[in-house]
Amino acid sequence: MTTLDSVVLEATDVATTENFLADAFGLDEQVRVRESAAESDGFRGFTLSLTVSQPSTVTSLFDSAVANGATVIKPVTKSLWGYGGTLQAPDGTVWKIATSAKKDTGPATRAIDSVVLLLGCEDVAASKKFYVDHGLTVGKSFGRKYVEFEGGGQVKLGLYARKALAKDAGVPMEGIGSHRITLAANGSDFTDPDGFPWESN
């Protein structure tokens, strides 16, 4: 079974991006960085999410990201589904930090339960079929709206309609140029229908 081991962000300033990931979130394995000068403007067609266990952890990571140069897109707030917010890192990546819990159940921590990569698709059903044909196993599927794949890798993968993903993130859906991300997995090299490249570790 193909599993997503990590994602590689492509940045013009590798050191700054690596420092942000380490200082803001404590990430060094799930998300890596390499240099790229590829043109990219607007929404890159994906979001990275940090799922955590309680609101105080959301606030801690969110505040840490802002202190390290991130720009707030959606302030942290309570909602029907839980508690969270979105921001844009200095390299341009859109991050969402969220929990389904509405109250703290213990001391504040900075523990991250999972890193989730959501890819914005023009046709979720077509992309779902493509990924199944490439060895991924569907965990959850909601028609043509959302797909979540199973996998034992360090990063969870989901598909979402591009327009809906941009709306959820709080950014315009328009974007051109490189996605500025590569998905690293235990399989063969390929590029999906929306132009997201995969490479073997």
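Mentor: Strands of a sheet pair through backbone hydrogen bonds, either parallel or antiparallel. Here five strands form an open sheet in the order 2-1-13-15-14, with mixed pairing; two strands pair if DSSP finds at least two bridges between them. This is a predicted model, in which local features need pLDDT of at least 70, side-chain atom pairs count only at pLDDT 80 or more, and totals for chains, interfaces and linings use all residues. Residues are numbered from 1 along each chain as its sequence is written, and side-chain values use heavy atoms, without hydrogens and water.

Trainee: Which strands stand at the edges?

Mentor: Strand 2 (31-35) and strand 14 (190-191) do; each has a single partner strand, so one side of each is left without a neighbour in the sheet. Helices (H or I, at least four residues) and strands (E, at least two) are DSSP runs, numbered from the N terminus.

Trainee: In which sense do strand 1 and strand 13 pair?

Mentor: Strand 1 (residues 4-11) and strand 13 (residues 181-185) are antiparallel, over five bridges. Val-8 is opposite Thr-182 in strand 13.

Trainee: Which residues of helix 1 meet helix 2?

Mentor: Contact means heavy atoms within 4.5 Å. Phe-20, Asp-23, Ala-24 and Phe-25 of helix 1 meet Leu-61, Ser-64 and Ala-65 of helix 2. By class, the residues of this contact are five nonpolar, one polar and one charged; Ala, Val, Leu, Ile, Met, Phe, Trp, Tyr, Cys and Pro count as nonpolar, Asp, Glu, Lys and Arg as charged, and the others, Gly among them, as polar.
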